[in-house]
Amino acid sequence: MGKKYALITGTRPQIIKSVPILRAAKKEQSIEIIHIFTGQHYDSYLSDIFFQKLSVGEPDYQLNVGSGSTEYHIRVIMKKLVPILGKLKLNGIIVPGDTNSALASALTGIFLGIPVIHLEAGLRSYDLNMQEEINRRLIDHGASVLFAPTRAAVTNLNNESVLGKVILCGDTMYDLLLAEKSGIIDKDLFIKSTKNLQISEKKYLMLTIHRRENLRNPNLLQQILTTIGETDKITIFPIHPHTRKIANLSQIEIPKNIKLIDPLPYKTFLNLVAYSGLVLTDSGGLQKETYLLGVPCVTLRNSTEWVETVDYGANKIVGANPSLIRSMINEMFNKDIKIDESVYGNGKASIYIIKELIENSPTIPTIPDL
Ligand code: UD1
């Protein structure tokens, strides 16, 4: 008999991590994946556009939970998920990443007795000031199957003695990047999408900031932007709606060299990343994507879970410290970096995951009867 799983997403990075899983499952007769979208991200440029442009179809269920605190997300997502999961008769639920939607979904599965399969398990920043670090630790300790993207992630899970089955599989974001690479490294797309930006290849910075740690205190956001302003380097800043709201509310001054644009679809965004001289970001996944595209990265956080990028000298961790930001922009801009893509797998993580989910039924770890 075929297997049936629910995949639960709710935010832009979760959609990106899941696209290769949905694509791989579509090719198999013996697995059905029901896609449930919580609606934590609801602006179309953070959600719908990714379903459309990456051709995975609309989700089967929409929970429309919208924005709110972590407590709100957990309460409302659980309430809406319980009746749906209760009637689906699933072999397990697949939960990608570390967002509030991920934690809420995992908790629902755990309390309903449905095996939880954590996609991108074992990442650690050792910073409990990050909501995402709290979320992924809780998910990993309640999961039945843990798909780890890297060897470092496996080591973390072993050190913590998690009870679920740990499987090293590679990274599904790498799968997607490889599958879409010819559309990302595309000079024509670059020329077309930058017509109004007046930038040329390798002469500009890409900037993204959206983490709660950097937005909680608007002075930090101002400090980062002012420091980038002092460099005079043209900087393209696709601004997350949350960051825009905080910038407007706190009357943040945007230096002249920083050009604000709306968030972009997957390929257009990574195209701008690929042709930039340097990426400045507080995102997790983007640190890895810049690494895989051979672009240097400066991370506006105090820690990273993608330790390989730092080990290879492709990524520098600077927090919001102005003198570190300044010196690392100078040191890293257009720096030639040597990378080893294989630290993130072989581009077939999703195929491997789907095969595993077809061949083996996830079981909740327990002690056998004596
Ligand atoms: C969430 C994830 C983060 C991930 C990020 C990608 C958590 C704790 N964080 O952060 O790990 O890297 O998604 O973007 O789950 N907003 C809108 N439109 C939207 C969604 C959000 O305007 O479609 C605004 C709202 O003001 C909202 C704020 O952004 O309050 C924060 O949204 P939220 O979903 O809580 O977290 P993100 O910052 O997007």
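Colleague: How many aromatic pairs does the structure hold?
Modeller: This is a predicted model, where local features need pLDDT of at least 70, side-chain atom pairs count only at pLDDT 80 or more, and totals for chains, interfaces and linings use all residues. Residues are numbered from 1 along each chain as its sequence is written, and side-chain values use heavy atoms, leaving out hydrogens and water. With that said, the structure holds six aromatic pairs (rings of Phe, Tyr and Trp, the last by its six-membered ring, with centres within 6.5 Å; planes under 30 degrees apart are stacked, over 60 edge-to-face, the rest tilted).

Colleague: Why do Phe190 and Tyr275 get the label they get?
Modeller: Their ring centres are 4.9 Å apart and their planes sit at 35 degrees, so the pair is tilted.

Colleague: What makes that pair a tie between parts of the chain?
Modeller: Phe190 is in helix α9 (residues 187-193), while Tyr275 is in the loop between α13 (266-274) and β11 (278-281), so the tied parts are 85 residues apart in sequence. (Helices, H or I of at least four residues, and strands, E of at least two, are DSSP runs numbered from the N terminus.)

Colleague: Are Phe190 and Tyr275 buried or exposed?
Modeller: Buried means under 20% relative accessible area, exposed over 50%, partly exposed in between, with a 1.4 Å probe and protein chains only. Phe190 has 4%, so it is buried; Tyr275 has 9%, so it is buried too.

Colleague: And why is the Tyr291 and Tyr344 pair called what it is?
Modeller: The planes are at 90 degrees and the centres 5.7 Å apart, so that pair is edge-to-face. Tyr291 belongs to helix α14 (residues 285-292) and Tyr344 to the loop between α16 (322-332) and α17 (349-359), 53 residues apart. Both Tyr291 and Tyr344 are buried. Ring pairs also join them with Trp306 and Tyr312 in a cluster.

Colleague: How do you know that strands β6 and β7 pair?
Modeller: DSSP has to find at least two bridges, and β6 (residues 145-148) and β7 (residues 165-168) have four, in the parallel sense. In this pairing, Phe147 stands opposite Ile167 in β7.

Colleague: What lines the largest cavity?
Modeller: Phe147 turns up again there, and the lining also includes Lys17, Glu120, Asp171 and Lys288. (On a 1 Å grid over the protein atoms alone, a cavity is a set of points where a 1.4 Å probe fits but cannot get out; lining residues have an atom within 4 Å of a point.) The lining residues divide into six nonpolar, two polar and four charged, where Asp, Glu, Lys and Arg count as charged, Ala, Val, Leu, Ile, Met, Phe, Trp, Tyr, Cys and Pro as nonpolar, and the others, Gly among them, as polar.

Technical notes. 1 Å grid on protein atoms, 1.4 Å probe; cavity = no way out; pocket = protein on both sides within 12 Å on 5 of 7 lines; lining within 4 Å.
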